[in-house]
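Hello,

I am passing on the structure we spoke about. Please look it over; my notes follow below it.

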Amino acid sequence: MREITSDRRDLPLRPVALVTDMTEYVSPSTGRRVRAVLFDTFGTVVDWRSGISEAVGRFAQRHHIALSADDFAIDWRSRYLPSMAEVIMRRREFVSLDTLHRENLEASLTEIGHDPAALPDDDLAALARSWRWLPPWPDSVDGIAAIKKH
């Protein structure tokens, strides 16, 4: 496997993985050789709702915040695209995804009447990073392993 990066000047560089040692595989439905398998991982391979809801629930319990963890997770997630659009449209400088998650977390907390400044910074940072460790759907690991065999 080798890594290349986008050469488009209007987008930030992102690594793209190319499989160069893939054994030949022919699609049973079309009879054509498969040259690449591409799919979205977020929501397809990982269950962000339950992962974030669980992290929010633990955080809320630890800090005695009454909320619906599921509703909070959905609100927090709903802020992602608008915040990312600001970066993509260059209305703000590039910041890491962790920064956007943290800002959106603080906005969601403020929305339900909790001042993020009154909460421990380390705990807020840890919750914002919970997007890094999302649980897989039950069939994801086996599915990716099956794809890898081909």
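Which residues line the largest cavity? In this predicted model, the lining is made up of V56, F59, A60, I65, L67, F72, L109 and L127. Those residues comprise eight nonpolar, no polar and no charged. Helix 1 (residues 48–62) contributes the most to the lining, with three residues. The volume of the largest cavity is about 40 Å³, and the count of cavities of 30 Å³ or more comes to one.

Next, the core. There are 21 residues in the largest nonpolar core, and I52, V56, W76, L105 and L127 have the most contacts inside it. At least two residues of this core come from each of helix 1, helix 2, helix 4 and helix 5. Helix 1 gives the most to this core, with six residues. Leaving aside residues up to four places away in sequence, L127 touches A55, V56, F59, W76 and L105.

Then helix 4. With 15 residues (97–111) at 1.5 Å a residue, helix 4 should span 21 Å, and the distance of 21 Å between its end C-alpha atoms agrees with that. Buried in helix 4 are L100, H101, R102, N104, L105, S108 and L109. An α-helix has 3.6 residues a turn, so residues three or four places apart point the same way. The cover over the buried residues of helix 4 includes helix 2 (69–78), helix 3 (80–88) and helix 5 (121–128). After helix 4 comes G113, which has a positive phi, near 90°.

Regards

Technical notes:
Residues are numbered from 1 along each chain as its sequence is written. This is a predicted model: local features need pLDDT of at least 70, side-chain atom pairs count only at pLDDT 80 or more; totals for chains, interfaces and linings use all residues. Side-chain values use heavy atoms; hydrogens and water are left out. Helices (H or I, at least four residues) and strands (E, at least two) are DSSP runs, numbered from the N terminus. The expected span of a helix is 1.5 Å times one less than its number of residues. Buried means under 20% relative accessible area, exposed over 50%, partly exposed in between (1.4 Å probe, protein chains only). Contact means heavy atoms within 4.5 Å. On a 1 Å grid over the protein atoms alone, a cavity is a set of points where a 1.4 Å probe fits but cannot get out, and a pocket is an open set with protein on both sides within 12 Å along at least five of seven lines; lining residues have an atom within 4 Å of a point. Grid points are joined across faces, edges and corners, and a volume is the space filled by probe spheres set on the points. Ala, Val, Leu, Ile, Met, Phe, Trp, Tyr, Cys and Pro count as nonpolar, Asp, Glu, Lys and Arg as charged, and the others, Gly among them, as polar. A nonpolar core is a set of buried Ala, Val, Leu, Ile, Met, Phe, Trp, Tyr and Cys residues joined through side-chain atoms within 4.5 Å.
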